[in-house]
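Visitor: I have a protein chain on my screen. Could you guide me through it?

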Amino acid sequence: MAKEEKKGTTIATPINILWENILMIPIFGAIDSKQAQEIMENILTRISDSGSKVIILDILGVATVDTAVANYILKITRATGLMGCRCIVSGISPAIAQTLVNLGVGLEGVATTASLRDALETAFDTIGLEVRKIKKVP
């Protein structure tokens, strides 16, 4: 029974390798403190194992953000920074941006982007990579 309860509260947080030294984790739904702790532990373990320099925390699938969720995001960004890995928070919708401003949540010092594309560009810039179009030879 205890296993079932534990299994029911565990969320799947796949951490994907987007590029060499760049990880990405998509977050969906509501996050409580226990899930946020699991997410942080998974992220830190993966950073330690991979030696990645950037992780993108994509919150596009998070419907609402309250003060608690914002604090979890801050904790994750600080913890990853202590490991020498920059955390970029992507997927911030206009509604979530307004909510964060109205709540008075300060995300100063946290790299944020509206889209995953912008986050990936920032990640490439962080690790010194450049993406260019090439001419295809017919």
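This is a predicted model: local features need pLDDT of at least 70, side-chain atom pairs count only at pLDDT 80 or more; totals for chains, interfaces and linings use all residues.

Visitor: How many helices and strands does the protein chain have?

Guide: The protein chain has 5 helices and 5 strands; these are DSSP runs of at least four residues (H or I) for helices and at least two (E) for strands, numbered from the N terminus. Their order along the sequence is α-β-β-α-β-α-β-α-β-α.

Visitor: What share of the residues is buried?

Guide: Of 138 residues, 36% are buried, meaning under 20% relative accessible area with a 1.4 Å probe, protein chains only.

Visitor: Which residues have the most contacts inside the largest nonpolar core?

Guide: They are Ile25, Ile43, Ile55 and Leu57, in a core of 30 residues. A nonpolar core is a set of buried Ala, Val, Leu, Ile, Met, Phe, Trp, Tyr and Cys residues joined through side-chain atoms within 4.5 Å. Helix H3 gives the most to this core, with 7 residues.

Visitor: What does isoleucine 55 contact?

Guide: Beyond its neighbours within four places in sequence, isoleucine 55 contacts residues including Ile15, Leu23, Ile43 and Cys87; contact means heavy atoms within 4.5 Å.

Visitor: Which residues does the second core include?

Guide: That separate core of 9 residues includes Ile56, Ala119, Ala123 and Phe124.

Terms used: Residues are numbered from 1 along each chain as its sequence is written. Side-chain values use heavy atoms; hydrogens and water are left out. Buried means under 20% relative accessible area, exposed over 50%, partly exposed in between (1.4 Å probe, protein chains only).
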